[in-house]
Amino acid sequence: MGIPPGMGAWGKRLVALAVAVVVLVAAVLVASAVHLLPQLRNPFAERTEEHSGPVLLQSIVELSRYEAASGSFQVVVDITTSSVLPSFLVGSDTLFIGVGTDNAYVDFGRLKGNAVQVSDDRQSATITLGHAQLEPATLDVHESHVYAQQQGLFTRINEFLSGNPNSQQALYELAQKQIQAAAAKSSLVADAERNTRTMLTGLLQSLGFKNITIKYADNNAG
């Protein structure tokens, strides 16, 4: 910055002081930009506050339910009907192969506010879920079939005259019930809970959580 001609000594000193102030301010701004003075804060910077608990709970509830495991089952149904007449006249013996599937799921729709706990430092999260449940078993009518059948003479004639000789409704219903029972005795529910725990753990880790606990309770209402 040049000094105008004819300016006195005090004027020159004021100009020199102004130049020094400008240089000092510029140096401070540069130092702050390169983080040499981290204590300086930009007054125009935005501040963001996270509320991870409610947001995380809402995200999980929006999943509604997680189909966590599926199992395929095959059952043998043996139905015998008889009467006081000889079996070659009345009665039947049917061997039916039932093939179907059942799925296990975890319901997220009933989670309450305290089912998801997030620490203040957003490093730990605890989620309490209800136990996995089984859907109604589904029978594959294309794969299921009668393996063997013996019928008395009068029974065959009666079914033929009834107009529905291939009626197998009772066999289908019984096979479906047996598949449901087999699924309940299998590891399907345990597999579903393990798979759900793995899925949620991976999700929370991707969000930056370090300590993750997934629990199951008989009643997770809060």
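A search of the whole structure, which is a predicted model, finds one aromatic pair.

Among contacts between residues at least 6 apart in sequence, 80% join residues at least 24 apart.

Next, colour the chain by pLDDT, which averages 74 over the chain, with 56% of the residues scoring at least 70. Among the elements, β5 has the highest mean pLDDT, at 94, whereas helix α3 (residues 153–161) has the lowest, at 56. Now select residues 34–40, where the pLDDT is below 50 and where the model shows six contacts beyond near neighbours in sequence. Residues 43–53 can be selected in turn, and this stretch also has a pLDDT below 50, with six contacts beyond near neighbours in sequence.

From there, move to the loop between β5 (133–134) and β6 (138–139), and select E135, which is found in this loop. Is E135 buried or exposed? Its relative accessibility is 17%, and E135 therefore counts as buried, the cut-off being under 20%. Showing the residues around E135, and leaving out those up to four places away in sequence, brings up R65, E67, D102, N103, Y105 and Q180 as the residues that E135 touches. With one of these, R65, the contact is polar and runs from side chain to side chain, at 3.0 Å.

The charged end of R65 sits over the ring of Y105, at 3.6 Å from the ring centre.

Finally, return to the loop between β5 and β6 and select A137, which is also found there. A137 has a relative accessibility of 3% and so counts as buried. Which distance separates A137 and I179 in space, C-alpha to C-alpha? The two C-alpha atoms are 6.4 Å apart, although A137 and I179 lie 42 residues apart in sequence.

Note on methods. Residues are numbered from 1 along each chain as its sequence is written. Side-chain values use heavy atoms; hydrogens and water are left out. Rings of Phe, Tyr and Trp (its six-membered ring) pair if their centres lie within 6.5 Å; planes under 30 degrees apart count as stacked, over 60 as edge-to-face and the rest as tilted. A charge sits over a ring if NZ of Lys or CZ of Arg is within 6 Å of the ring centre and within 35 degrees of the ring normal. Helices (H or I, at least four residues) and strands (E, at least two) are DSSP runs, numbered from the N terminus. Buried means under 20% relative accessible area, exposed over 50%, partly exposed in between (1.4 Å probe, protein chains only). A polar contact is a pair of N or O atoms within 3.5 Å; within protein, one must be able to donate a hydrogen and the other to accept it, and residues adjacent in sequence count only if both atoms are side-chain atoms. Contact means heavy atoms within 4.5 Å. pLDDT is the predictor's confidence in each residue, from 0 to 100.
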